[in-house]
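Here is a briefing on one protein model. Please look it over with the sequence and structure at hand.

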Amino acid sequence: MKRAFDGEGLSPEERVSGAKHKARRWLGQHFLIDHSVLIDAVRSADVTKEDVILEIGPGTGNLTAELLRTGCKVIAVEKDRNLAKTLRETLGKEYGEDELEIIEEDFMKWKDLDTKFVGLIDGGERRAKVVANIPYNITTDILKRLLPMGDTFEDLVFMFQEEVARRLATEERGEKMIENANEVKKKKKSNSDFRAMSVRTAYYSESRYIRPVAKDCFDPPPNVESCLIGFKPKREEHLLKINGTEKQFFTFVQSCFAQKRKMLKNNLRATCDAETIDLALEILGRGDKVRPQELFMEDYVELFNFVREERKVEIEEKDDEDDDEDDDDDDD
């Protein structure tokens, strides 16, 4: 039976200390010890006793404990053998397997993700949620895996590096931005934080910035500033229609950002002929000097659909590449 939180029990610091585990920085282990941040993460996902929660990298169990106090079911995927063992001996014994399931796996290699939640969610309005303090070195990989799963997960709340979060939750790029598209395009200025991963995030979800998190909220403190960020994945039926596969679309977007400080038309030369580029830019109505970071996600869908359908250009599917590197070259 679940125990209601009574203000007693282990503090976050005591839980970390009691684990007797030296954080492994190469695994991105920075344990969250600020109770207010734990509460805000759970509240932001609006976790209730009816929910099924996926937690990636539970570590010493501080966030896990806060989640369990709501009465929800937690499926915690932990790569570190020692931490998984400690969780089983502490929270696992306290709550039982029906309430806390601990899976000792590398999340990025976990093959049961697609099938694990079948039967745990009803397939209707109710979907599972993800709340996690994830290693910063795999945030992009985790998003690429989870964002397309909008039919399974209705909300994702993560701890992110502040700088990365700014790229993904900058300004709204949804319906409000395109209601008066022409006026927006006149006022739109270059957004240096907007990049290929931003397009992917906007295509699959609605993102929100929740709160900043200081370095001293962790043990050991990371070298970067952090924040809580949330994503509301879209169901498949609500995704914008594209004339091709999603992998082709994001390969195309990646090529548009190949050198993001260059004009878009120069990056498009690797995919399109000059006539196609001129017609595409004319359709967008953004001028021939527009740069990749000045477009909206909807613009990229429109651009891709034109290139694919009207001009019959084949887009070769390529494996995803990191898009965090900047190109310092400017157009003459």
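Contact here means heavy atoms within 4.5 Å. By that rule arginine 211 touches Ser36, Val37, Asp40, Cys227 and Leu228, leaving aside residues up to four places away in sequence. The model is predicted. It has 14 helices and 9 strands.

**Overall figures**

- The protein has 332 residues, and 52% of them count as buried.
- Take the contacts in the protein with a separation of 6 or more: residues 24 or more positions apart account for 75% of them.

**The sheet**

- An open sheet is formed by 7 strands, in the order β4-β3-β2-β5-β6-β9-β7, with mixed pairing.
- The edges are β4 (100–104) and β7 (205–213); each has a single partner strand, so one side of each lacks a neighbour in the sheet.
- On average, neighbouring strands of this sheet are turned by 20° against each other, direction ignored.
- In general, strands of a sheet pair through backbone hydrogen bonds, either parallel or antiparallel.

**Strand pairs**

- β2 (residues 52–56) and β3 (residues 73–78) pair in the parallel sense, over 5 bridges.
- In this pair, glutamate 55 is opposite alanine 76 of β3.
- β2 also runs parallel to β5, joined by 2 bridges.
- Here leucine 54 is opposite valine 130 of β5.
- On to β6 (residues 153–161): 5 bridges join this strand to β5, and the two run parallel.
- Valine 131 is opposite valine 157 of β6.

**Strand β5**

- How many of the residues of strand β5 (residues 128–132) are buried? The count is 5 of 5, so the strand is largely enclosed by the rest of the structure.
- Ala128, Val130 and Ala132 point one way from β5, while Lys129 and Val131 point the other way.
- Both sets are buried, Lys129 included.

- α10 is mostly covered, with 9 of its 9 residues buried.
- Among the buried residues of α10 are Arg200, Tyr203 and Tyr204.

- Arginine 211 sits in strand β7.
- The side chain of arginine 211 makes a polar contact of 2.7 Å with that of aspartate 40.
- Helix α2 spans residues 35–44, and its buried residues are Val37, Leu38, Ala41 and Val42.
- Why do the buried residues of α2 line one face of the helix? Seen down the axis of α2, they fall within an arc of 135°, so they line one face.

**Backbone exceptions**

- Most residues other than glycine have a negative phi, and most peptide bonds are trans.
- Aspartate 46 has a positive phi, near 50°, in a residue other than glycine.
- Is aspartate 46 buried or exposed? At 52% relative accessibility, aspartate 46 counts as exposed, because the cut-off for exposed is over 50%.
- The peptide bond from aspartate 219 to proline 220 is cis, with omega near -5°.
- Proline 220 lies in the loop between β8 (218–219) and β9.

**An exposed loop residue**

- Glutamate 237 belongs to the loop between β9 and α11 (246–256).
- Glutamate 237 has 61% relative accessibility, so this residue counts as exposed.
- How far apart in sequence and in space are glutamate 237 and glycine 150? They are 87 residues apart in sequence, and 9.5 Å apart in space, C-alpha to C-alpha.

Note on methods. Residues numbered from 1 in each chain as written. Predicted model: local features only at pLDDT ≥ 70, side-chain atom pairs only at ≥ 80, totals over all residues. Heavy atoms only, no water. Pairing = 2+ DSSP bridges. Helix = DSSP H or I, 4+ residues; strand = E, 2+ residues; numbered from the N terminus. Axes fitted to C-alpha atoms, helices over the stretch in contact; angles between N-to-C directions. Polar contact = N/O pair within 3.5 Å; in protein donor to acceptor, adjacent residues only side chain to side chain. Buried < 20%, exposed > 50% of the residue type's maximum accessible area, 1.4 Å probe, protein only. Arc of directions from axis to C-beta.
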